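Please open the model in your viewer and keep the selection tool at hand. The stops below say what to select next and what is there.

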Amino acid sequence: MTEYMPIMLDVSGMEVLVIGGGKIAGRKAGQLAAAGAVITVVSPEAGEEIRKLEKAGKLRWVVREASEEDPEGFRLVYAASGDEALNERLAEAARRFGAFVNVSSRAESGDFIHPAVMRRGRLVVAASTSGAGPAAASALIRELDERFGDEYETYAEFLFFMRRQVRELVDDPEIRHRLMRKLSEKDILDQIRKETFVPWSEAAAAAWIAKEREE
């Protein structure tokens, strides 16, 4: 069994190639566009999602069959055409050019797969079956989606704000770690759920940091 390493990747401004224009390619392109990737789609035909993204200036659509030279210069390649043999050839070509490739028709032929994802602002929860059953991973995410409410978005924003304040005011990495651990033990999430939470100002954050770092 392939042991995948979970990773959160910043694709903002990254050149990404998508082979194919159908629903799967459209879904991948939409996710990449939302993350700020610079997308090129190569396909003789394209569905509604690809056309919509092109019209909005979110991608460049090259209207032709893909060739094994197309992956050159790209860092990520999605082989998402309806032709399994073409996807396999493009995956091999992508590796020769040093790109990482995702193969929609046969996960094990690629270098990476996408998990099912639940988002609450900065909070991202992912689930994967390592390619064995994507539908099962999606079902798990739907379960989690019902359990984790919008309060987690507020909580994640608060933690982001506090992490930035701690980094600005504290030089010692060990003290930073201790402060963030203490912060996670506070009942902030419970306050948000009960709607009693009042967002901290920079002055309030600095006062808390000064008090807690001495203990």
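## First stop: a pair of helices

Select Tyr-155, Phe-158, Leu-159, Met-162, Arg-163, Val-166 and Arg-167 in α5, which meet Arg-176, Leu-179, Met-180, Leu-183 and Ser-184 in α6, where contact means heavy atoms within 4.5 Å. The residues of this contact of α5 with α6 divide into 8 nonpolar, 1 polar and 3 charged; here Ala, Val, Leu, Ile, Met, Phe, Trp, Tyr, Cys and Pro count as nonpolar, Asp, Glu, Lys and Arg as charged, and the others, Gly among them, as polar.

This is a predicted model, in which local features need pLDDT of at least 70 and side-chain atom pairs count only at pLDDT 80 or more, while totals for chains, interfaces and linings use all residues. Residues are numbered from 1 along each chain as its sequence is written, and side-chain values use heavy atoms, with hydrogens and water left out.

Now show the whole of α5 (residues 151-169) and α6 (residues 173-185), which pack at an angle of about 155° with their axes 10 Å apart. That makes α5 roughly antiparallel to α6, a term for angles over 145 degrees. Helices are DSSP runs of H or I with at least four residues, and strands are runs of E with at least two, numbered from the N terminus.

## Second stop: the cores

Next select Val-16, Val-18, Leu-32, Ile-39, Val-41 and Leu-59, the residues with the most contacts inside the largest nonpolar core, which has 20 residues. Such a core is a set of buried Ala, Val, Leu, Ile, Met, Phe, Trp, Tyr and Cys residues joined through side-chain atoms within 4.5 Å, and buried means under 20% relative accessible area with a 1.4 Å probe, protein chains only. Among the elements giving two or more residues to this core are β1 (15-19) and β3 (59-62), while α1 gives the most, with 4 residues. Apart from it lies another core, of 17 residues, among them Tyr-155, Val-170, Ile-188 and Ile-192.

## Third stop: two single residues

Go on to Ala-79, which is found in strand β4 and, at 0% relative accessibility, counts as buried. Leaving aside residues up to four places away in sequence, Ala-79 touches Ile-19, Asn-87, Val-101, Asn-102, Val-103 and Ser-104.

Finally, is Glu-195 buried or exposed? At 74% relative accessibility, Glu-195 counts as exposed, the term for values over 50%. Glu-195 lies in the loop between α7 (188-193) and α8 (202-213), and its phi is near 60°, a positive value in a residue other than glycine.

Key
Axes fitted to C-alpha atoms, helices over the stretch in contact; angles between N-to-C directions. Parallel < 35°, antiparallel > 145°, perpendicular 65-115°, else oblique.
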